[in-house]
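Please examine the structure shown here before reading on.

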Amino acid sequence: MFSRTILSRAARPTAFSAIRPVAAPITTPSPFLLSLAAQRRLLSDGVRQAIDKAVGSAPVVLFMKGTPETPQCGFSRASIQVLGLQGVDPEKFAAYNVLEDQDLRQGIKEYSDWPTIPQLYVDKEFVGGCDIIVSMHQNGELAKMLEDKGVLAKEGEPAEAKKKE
Amino acid sequence: MAQAAISEASIRAALIERLKATHVEIQDMSGGCGQAFTSLIVSAEFAGKNSLKRHRLVNAALKDEIAQIHAWSAKCQTPDEYAKEMAATGGNDKPPLEGTEDGKVAGVSG
């Protein structure tokens, strides 16, 4: 399917943990300290920097449960389907699986001041969660925003061609 | 028990008290555990605010409640918007169920 093909390529930069060492090679606290920090809703500098980096890693960034190919939650599934239907360019998209990283799973809620997952960012700006993504999809606001931001796959460049690269 | 369990009634009461909600529909979408809810919230306090600001208002009003439950969805309307949608849909303005399977949450919570 078109949307799956488009988004499956986008699944590559999903490893949050892979960028964390770059962001915080020395100061990564013990898991115990991190879980304590999460309970107190304190976001460590290291986690914040890693999330900064993730948010800036592509024009369209989705923090989700599972991967675009295999979402582990209905709300993440609905959100990734919407982005596929909108025709988001896989080259301009990154997904991060919060289930692979407890720091990210807790940290992103604090970072965005948003209590649930998934969470969508466009050009480093928080757009919203599943309810907002779906309603913006339905009322046309999402199509307009993605068009304005220039993050849609170009027409005449079908997914099949991309898949063969 | 340290905290009272979150229920449809407790969320409704909180929204009426904290957001001056004039109409609240809360629907259990947990499929059993009773700790996942979707909602339709009508409040004049949403007027002049975009969708993100409305949701942030609700998230702030229900900060403790949402932190305790497994899943939360909301549709936030002003009284005017609610009246218009009710008229346009023949009374079928309901809490959102996108992302659920037959109205129940599927997948990893929290």
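In this predicted model, helix 7 of chain A packs against helix 8 of chain A at an angle of about 90 degrees, and their axes lie 5 Å apart. Angles of 65 to 115 degrees count as roughly perpendicular, and helix 7 of chain A and helix 8 of chain A are therefore roughly perpendicular to each other. From helix 7 of chain A, the residues Ile133(A), Met136(A), His137(A) and Asn139(A) take part in the contact, and they meet Glu141(A), Leu142(A) and Met145(A) of helix 8 of chain A. By class, the residues of this contact divide into 4 nonpolar, 2 polar and 1 charged.

Helix 8 of chain A spans residues 141-149 and holds both Asp148(A) and Lys144(A), which are 4 residues apart, about one turn of the helix. Side chains of opposite charge can pair when their charged atoms come close. The side chains of Lys144(A) and Asp148(A) form a salt bridge, with an N to O distance of 2.9 Å. Over all chains, the structure holds 7 salt bridges.

Helix 7 of chain A (residues 130-139) also packs against helix 5 of chain A (residues 74-86). The table sets out the geometry of both pairs.

| Helix pair | Angle between axes | Distance between axes |
|---|---|---|
| Helix 7 and helix 8 of chain A | about 90 degrees | 5 Å |
| Helix 5 and helix 7 of chain A | about 30 degrees | 9 Å |

Angles under 35 degrees count as roughly parallel, and helix 5 of chain A and helix 7 of chain A are therefore roughly parallel to each other. Their crossing is left-handed. On the side of helix 5 of chain A, the contact comprises Phe75(A), Ala78(A), Ser79(A), Val82(A), Leu85(A) and Gln86(A); on the side of helix 7 of chain A, it comprises Cys130(A), Ile133(A), Val134(A) and His137(A). These residues divide into 7 nonpolar, 3 polar and no charged. Ile133(A) and His137(A) are among the residues of helix 7 of chain A that meet helix 5 of chain A, and they are also among those that meet helix 8 of chain A.

The contact between the chains remains to be described. Chain A and chain B bury about 1,700 Å² between them, of which carbon and sulfur atoms give 55%. Of the area that chain A buries against chain B, 32% is supplied by Phe75(A), Trp114(A) and Asp131(A), more than by any other three residues. The contact takes 24 residues from chain A and 22 residues from chain B. The count of salt bridges between chain A and chain B is 0.

Methods: Residues are numbered from 1 along each chain as its sequence is written. Chains are lettered from A and ligands numbered from 1 in the order in which they are written. This is a predicted model: local features need pLDDT of at least 70, side-chain atom pairs count only at pLDDT 80 or more; totals for chains, interfaces and linings use all residues. Side-chain values use heavy atoms; hydrogens and water are left out. Axes are lines fitted to C-alpha atoms, for helices over the stretch in contact, and angles run from 0 to 180 degrees between N-to-C directions. Helices (H or I, at least four residues) and strands (E, at least two) are DSSP runs, numbered from the N terminus. Angles under 35 degrees count as roughly parallel, over 145 as roughly antiparallel, 65 to 115 as roughly perpendicular and the rest as oblique. A crossing is left-handed if the near helix is turned anticlockwise from the far one by less than a right angle, and right-handed if clockwise. Contact means heavy atoms within 4.5 Å. Ala, Val, Leu, Ile, Met, Phe, Trp, Tyr, Cys and Pro count as nonpolar, Asp, Glu, Lys and Arg as charged, and the others, Gly among them, as polar. Buried area is the accessible area (1.4 Å probe) that two parts lose on being put together, summed over both. A salt bridge is a side-chain nitrogen of Lys or Arg within 4 Å of a carboxyl oxygen of Asp or Glu.
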